[in-house]
Amino acid sequence: EIRYEKFAPMDQGTLMEIRDLFFNVPARKKFLKSNSRETSIITDIVSKISLAHPDISFNFVTDGRSVLKTYGSANQKDVIRQVYNKKIYENLFYFENHYDAFSIYGFIGNEEISRGTRGQQSIFVNKRVVQNRTITAAMERAFKSFATVNKFPFFVLNIDIFPELIDVNIHPQKSEIKFEDERHIFKCVFDTVHEALRQGLRDTFAVKEEEQPSEPFEQLHLP
């Protein structure tokens with residue numbers, strides 16, 4: 001029995017519910033792709049935002065089904081596992097470096113999780129999803145210094161930088177940015193990631209050597 005209805009505060013957070021999106025602009029609905037394709041695009045956007053803000057919990061629900069759920073642990077590597085999978089989580093190298101005007105940190109995968117496309121590459125500048133050819137080239141060149149496969153690396157790169165050192169007005173959708181000193185950014189990103197890969201791969205080989213049996217195999221003398 002429902003005795004009364006009234007507005008009540010929800011748990012801490014924000015609930016976004018979208019209905020009749022094209023009520024005022026029905027012509028734009030004709031340009032939509034299939035439901036599955038549009039859902040995939042939205043999922044990718046929510047995934048990027050959740051990676052940029054690991055301290056916030058996200059629960060993306062479409063058609064009554066939870067597609068993505070993060071827990072706001074403030075650990076970006078945990079979000080990578082929730083967005084992608086355990087295999088990617090287990091094949092990452094962390095990198096971090098700090099300079100006078102900016103900081104660089106994030107994760108790059110080894111060649112076991114490299115792919116034939118750039119679909120699993122994420123760049124965040126001041127927690128904003130962006131595209132930048134200089135950064136992408138620096139990441140890929142550092143990866144190819146050690147790779148034995150001709151594929152693109154998985155990576156999540158974060159740059160915290162003074163806003164006055166970037167230009168965000170070079171693209172109509174604000175999806176691309178330009179740095180005041182592109183060459184310096186390239187060198188810093190390359191050096192940071194290159195060193196992390198070098199150290200990570202060296203540690204990986206060291207562990208494998210330690211796992212080998214110390215005692216030599218018994219030699220069998222055949223008659």
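Mentor: Start with accessibility: buried means under 20% relative accessible area, exposed means over 50%, and partly exposed lies in between. Keep in mind that this is a predicted model.

Trainee: Why is D181 called partly exposed?

Mentor: D181 has 42% relative accessibility, so it counts as partly exposed. It sits in the loop between β9 (178-179) and α5.

Trainee: What makes the pair of Y84 and F154 edge-to-face?

Mentor: Ring centres must lie within 6.5 Å, and planes over 60 degrees apart count as edge-to-face. Here the centres are 5.0 Å apart and the planes stand at 85°, so the pair of Y84 and F154 is edge-to-face.

Trainee: Why is this pair said to tie together parts apart in sequence?

Mentor: Y84 is in the loop between α2 (76-83) and α3 (86-89), and F154 is in the loop between α4 (133-144) and β7 (155-161). The pair therefore links parts 70 residues apart in sequence.

Trainee: What makes F186 and F190 a stacked pair?

Mentor: Planes under 30 degrees apart count as stacked. The planes of F186 and F190 are at 0°, and the centres are 6.4 Å apart, within the 6.5 Å limit. Both residues lie in helix α5 (residues 182-211), 4 residues apart, so about one helical turn separates them. F186 has a relative accessible area of 21%, so it is partly exposed.

Trainee: How many aromatic pairs does a search of the whole structure find?

Mentor: The search finds 4 aromatic pairs.

Trainee: How do you know that charges sit over the ring of Y89?

Mentor: The atom NZ of Lys or CZ of Arg must be within 6 Å of the ring centre and within 35 degrees of the ring normal. K77 lies over the face of Y89, at 4.9 Å from the ring centre. The charged end of R81 is also over the ring of Y89, 5.2 Å from its centre.

Trainee: Why are α1 and α2 called roughly antiparallel?

Mentor: Angles over 145 degrees count as roughly antiparallel. Helix α1 (residues 35-52) and α2 pack at about 160°, their axes 9 Å apart. The two helices are therefore roughly antiparallel. Their crossing is right-handed. S47, S50 and L51 of α1 make the contact with Q76, V79, I80 and V83 of α2.

Trainee: What makes S47 buried?

Mentor: Its relative accessible area is 10%, so S47 is buried. Setting aside neighbours within four places in sequence, S47 is in contact with L68 and V83.

Trainee: Why is D63 called exposed, but N126 partly exposed?

Mentor: D63 is at 79%, so it counts as exposed. N126 is at 32%, so it counts as partly exposed.

Definitions and conventions
Residues numbered from 1 in each chain as written. Predicted model: local features only at pLDDT ≥ 70, side-chain atom pairs only at ≥ 80, totals over all residues. Heavy atoms only, no water. Phe/Tyr/Trp six-rings, centres within 6.5 Å; stacked < 30°, edge-to-face > 60°. Buried < 20%, exposed > 50% of the residue type's maximum accessible area, 1.4 Å probe, protein only. Axes fitted to C-alpha atoms, helices over the stretch in contact; angles between N-to-C directions. Parallel < 35°, antiparallel > 145°, perpendicular 65-115°, else oblique. Left-handed = near helix turned anticlockwise from the far one by under 90°. Contact = heavy atoms within 4.5 Å.
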